[in-house]
Amino acid sequence: PSVEGRRLPGHPEFGYVNITTFSEQTPKALERTLAEIGASDLRGIILDLRNNPGGELGAAVAVAGRFVPPGPVVYTVSRRQTVPYLAQGPKLDVPLVVLINGGTASAAEIVAGAIKDTGSGILVGERTFGKGRVQKVFLLDSGAALKLTTEKYLTPAKRDINGQGIEPDVLVALSPEVTARVLLKAPDLVHDRQLQKAVELLQRSGKS
């Protein structure tokens, strides 16, 4: 499954949703997960996009639409035209923190960039990978395939993040060894300092 979620152990008022990749099934899987954890009754959600390499553009737009207001999620730019992809909603009215790192790329950066540019949540962690190009695969008669870069994408604020990445709002670094360890298990509030910071930020938002 590309989406897993639960009430955060020790903090059942907060939900934790981990999206590992974006496929055609991801938007429906997200809906099931949000329903299972009772998202509308939560005091906050932590969306974990760390080490998510991306995937389907359409899936990323649909997922972002649950977290950002109506309007552009991303623009694709080709030689001929600029095309906006719009959030369809409905937007969850719950405080949001998004976890990102250097393994957050492509479609995952579309979601993170839309949340950052629209002010819909707080990004915590490390700068993302910086893959802002759209590729298409063309099948050849020989049975081989050719992958070509056909477009670039821009965030809602029309920022080109290719090679630049997206900077977190709150920088919290983890070593590669710790990152690999904490992402292999259930949410780890003992060793995962990025997750700890996310909980702290949600607790502050509840007091404001």
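Predicted model: local features only at pLDDT ≥ 70, side-chain atom pairs only at ≥ 80, totals over all residues.

**Helix packing and buried elements**

Helices α1 and α2 are roughly parallel to each other, because the angle between their axes, roughly 25°, falls under the 35 degrees that count as roughly parallel.

**Helices α1 and α2**

- Two packed helices are described by the angle between their axes and the distance between the axes.
- The axes of α1 (residues 26-36) and α2 come within 8 Å.
- On the α1 side, Thr26, Pro27 and Leu30 take part in the contact, and they meet Ala59, Ala62 and Val63 of α2.
- Sorted by class, this contact between α1 and α2 has 5 nonpolar residues, 1 polar residue and no charged residues.

**Helix α3**

- Helix α3 (residues 107-117) is largely enclosed by the rest of the structure, because 9 of its 11 residues are buried.
- Among the buried residues of α3 are Ala107, Glu109, Val111 and Ile115.
- The elements covering the buried residues of α3 include β3, α2, β4 (72-77) and β9 (145-154).
- Gly119 follows α3 and has a positive phi, near 65°.

**Arg50**

- Arg50 lies in the loop between β3 (44-48) and α2 (57-64).
- Arg50 counts as buried because its relative accessibility is 4%, and buried means under 20%.
- The side chains of Arg50 and Asp192 make a polar contact at 2.9 Å.
- Not counting residues up to four places away in sequence, Arg50 touches several residues, including Tyr16, Leu99, Asn101, Leu183 and Gln194.

Conventions. Residues numbered from 1 in each chain as written. Heavy atoms only, no water. Helix = DSSP H or I, 4+ residues; strand = E, 2+ residues; numbered from the N terminus. Buried < 20%, exposed > 50% of the residue type's maximum accessible area, 1.4 Å probe, protein only. Polar contact = N/O pair within 3.5 Å; in protein donor to acceptor, adjacent residues only side chain to side chain. Contact = heavy atoms within 4.5 Å. Axes fitted to C-alpha atoms, helices over the stretch in contact; angles between N-to-C directions. Parallel < 35°, antiparallel > 145°, perpendicular 65-115°, else oblique. Nonpolar A, V, L, I, M, F, W, Y, C, P; charged D, E, K, R; others polar.
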